[in-house]
Amino acid sequence: MTDRKIGDTMVWPIGLGCMNLSHAYGPPTPPEEASALLNSALDQGCNFLDTATIYGAGTNEELIASSIGHRRNECFLASKCVLAVKDGKRVLDARPESIKAACDASLKRLNTDVIDLYYMHRPDPNVPIEDSVGALSELVDAGKIRFVGLSEMGAGLVRRAHAVHPIAALQTEYSLWVRNPEIAVLELCKELGIAFVAFSPVGRGFLADPPYDPASMQDGDMRRLFPRFSAENYPGNLALLEQARSLAAEVGCTVAQLALAWLLAKGDHVLPIPGTTRTDHLKDNIEAGRITLSAHIVEQLDAHFTPQSAVGPRYAPPMQATVDTERFNFERDDA
């Protein structure tokens, strides 16, 4: 497997999502453990790191600065704006002045002069995408960011944004368990030369052996909010994994590595960013970048993990309302 391109930069095809070191799936990882994991990622050649303003309300960016700031030139660093925490509540603000202020704050927390890739974390229905991307373009001109990215946006917004300033990367959820990008944006990114960054590529721990056990959820675990992890739906989803275990054994890899390798087979522009707090999982994830699946294996996975096979929607209605990603007809309320 060779490196993959974001903008003008080549990176290892498997990146590292840093979110769960600070929040989302339980208590924050102790700083010394988190620092060791981040340094281990760089030591193993994983040089694409992904963070955001909202992760730990800025503490994830600070963690990266304190842990690997001295190795800044060894990594391609991505962060995000628009989605943040204010007075303990999530806020969405893509006004140009807010984007610029958020960037300055992230630069300070990251202790860096420039952010390699800066995403709009979510679309803001109250601000035209052209205005927001225009502000990001000005940040490029100012030398504060190198490339502009979008997250959780559909093909229409991507085209409008790209017409204002070249979009280097689109990040959205994509995995065997979530096939929605195949409706439109996966092909659109290939057409426009945009890197496709797949978050939650192992299904938030579902695509593993053993898979995540919802009974072990700790306080603050956001998976409590996702319908596919509910007591009603999860048992039906577990039935999908038997075929994945069988194919992983045939390939000679773990189920998580199979899921990552399947994504890499979906196009040279696809870069998964699994997150983890464990060094053994980190090593497995990085090594998945060396696995090339045969067309036969990919076809079997495609056929088994159809969009309709997942039990329950990707997001509950309140969260679905905050994104602009395409849905299959069978998922739509008006279908």
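The model is predicted, so local features need pLDDT of at least 70 and side-chain atom pairs count only at pLDDT 80 or more, whereas totals for chains, interfaces and linings use all residues. Residues are numbered from 1 along each chain as its sequence is written, and side-chain values use heavy atoms, with hydrogens and water left out.

The protein chain has twelve helices and twelve strands. Helices (H or I, at least four residues) and strands (E, at least two) are DSSP runs, numbered from the N terminus. The C-alpha trace spans about 50 × 50 × 40 Å along its principal axes. Of the 335 residues, 57% count as buried. Buried means under 20% relative accessible area, exposed over 50%, and partly exposed in between (1.4 Å probe, protein chains only).

Strand β10 (residues 167-173) has seven of its seven residues buried, so the rest of the structure largely encloses it. Strands pair if DSSP finds at least two bridges between them. Strand β9 (residues 145-151) runs parallel to β10, joined by four bridges. Val148 has Ile167 of β10 as its bridge partner. From β9 the chain passes through helix α5 (residues 155-164) to β10 in a right-handed β-α-β crossover. Right-handed means that, with the strands pointing away from the viewer, the path from the first strand over the helix to the second runs clockwise. Strand β11 (residues 195-199) is also parallel to β10, with five bridges between them. Here Thr172 stands opposite Ala198 of β11. The chain crosses from β10 to β11 through helix α6 (residues 185-192), and this β-α-β crossover is right-handed.

The second largest pocket has a volume of about 220 Å³. A pocket is an open set of points on a 1 Å grid over the protein atoms alone, where a 1.4 Å probe fits, with protein on both sides within 12 Å along at least five of seven lines; lining residues have an atom within 4 Å of a point. Of its 13 lining residues, Ala84, Val91, Asp93, Ser98 and Ala102 are the closest to the centre. Strand β6 (83-86) and helix α3 (96-110) are the elements that give two or more residues to this lining. Helix α3 gives the most, with five residues. The lining divides into seven nonpolar, two polar and four charged residues. Ala, Val, Leu, Ile, Met, Phe, Trp, Tyr, Cys and Pro count as nonpolar, Asp, Glu, Lys and Arg as charged, and the others, Gly among them, as polar.

Notes:
Grid points are joined across faces, edges and corners, and a volume is the space filled by probe spheres set on the points.
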